[in-house]
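Subject: Structure handover and findings

Hello,

Here is the structure for your files. Please load it before you read on.

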Amino acid sequence: MLSDKNKVSLYQAMLLFMTILFTAAIRFVPLTTARKAGRAAWLIPIPTAIVLAVLFILLHNIYKKYPNNSVLDIIEDILGRPLAIVLAALYLMWFVIITSLFTRYYGGRLVATIFPNGDIRIFMICMPALVGVMCRYGI
């Protein structure tokens, strides 16, 4: 369900962003809160859901105001060009770091479970190359 010219629409990018935020919160928040809150840790989904709902409403309102603009155009309009460039560079660095870490984690999982005598560097090179080929040729 891609928008025009096989590009991801802003609304689809917002949904992906929310999925990334929510899955990270599900993985990391319970462990930390269970250690600190003890028996009251079951209450943590309530404020988390409220914060995520407010964030989703905010992103939905931005989408309604800028329905045909890209994410960078919206950031530039809201923050101005210099701050938008800085934020885009920070976002790019964050994306590269997170992608590298998850590639390393997944390669480590493959080596630990399926290929115990394999070299992790092979997987860390093959996975991004395979993803690049798939993105390039639309597989």
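Below are the conventions, then the findings by topic.

This is a predicted model: local features need pLDDT of at least 70, side-chain atom pairs count only at pLDDT 80 or more, and totals for chains, interfaces and linings use all residues. Residues are numbered from 1 along each chain as its sequence is written, and side-chain values use heavy atoms, with hydrogens and water left out.

Helices here are DSSP runs (H or I, at least four residues), numbered from the N terminus. Helix α4 has 33 residues and covers residues 81-113. From first C-alpha to last, α4 reaches 47 Å, close to the 48 Å expected at 1.5 Å a residue. The expected span is 1.5 Å times one less than the number of residues. Helix α5 covers residues 120-137, 18 residues in total. Its reach is 26 Å, close to the 26 Å expected. Just after α5, Gly138 takes a positive phi of about 70 degrees.

The buried side of α4

Buried means under 20% relative accessible area, exposed means over 50%, and partly exposed is in between (1.4 Å probe, protein chains only). In α4, the buried residues are Ala84, Thr103, Gly107, Leu110 and Val111. They pack against α3 and α5. Take Thr103. It has a relative accessible area of 14%, so it counts as buried. Leaving aside neighbours within four places in sequence, Thr103 is in contact (heavy atoms within 4.5 Å) with Met124, Met127 and Pro128.

The nonpolar patch

Helices α3 (71-79) and α4 each supply at least two residues. Helix α4 gives the most, with 9. Val86 lies in α4 and is partly exposed at 46% relative accessibility.

Aromatic pairs

A pair of aromatic rings is described by the distance of the centres and the angle of the planes. Rings of Phe, Tyr and Trp (its six-membered ring) pair if their centres lie within 6.5 Å; planes under 30 degrees apart are stacked, over 60 edge-to-face, the rest tilted. The whole structure holds 3 such pairs. In one of them, Phe102 and Tyr105 have ring centres 6.1 Å apart and planes at 75 degrees, so the pair is edge-to-face. Both residues lie in α4, 3 residues apart, about one turn of the helix. Phe102 is partly exposed at 43%, and Tyr105 is exposed at 51%.

Salt bridges

The cut-off is a side-chain nitrogen of Lys or Arg within 4 Å of a carboxyl oxygen of Asp or Glu. The count comes to 2. Arg81 meets Glu76 at 3.4 Å, N to O. Arg81 is exposed at 52%, while Glu76 is partly exposed at 29%. Arg121 meets Asp119 at 3.0 Å, N to O. Arg121 is exposed at 57%, while Asp119 is partly exposed at 33%.

Best regards
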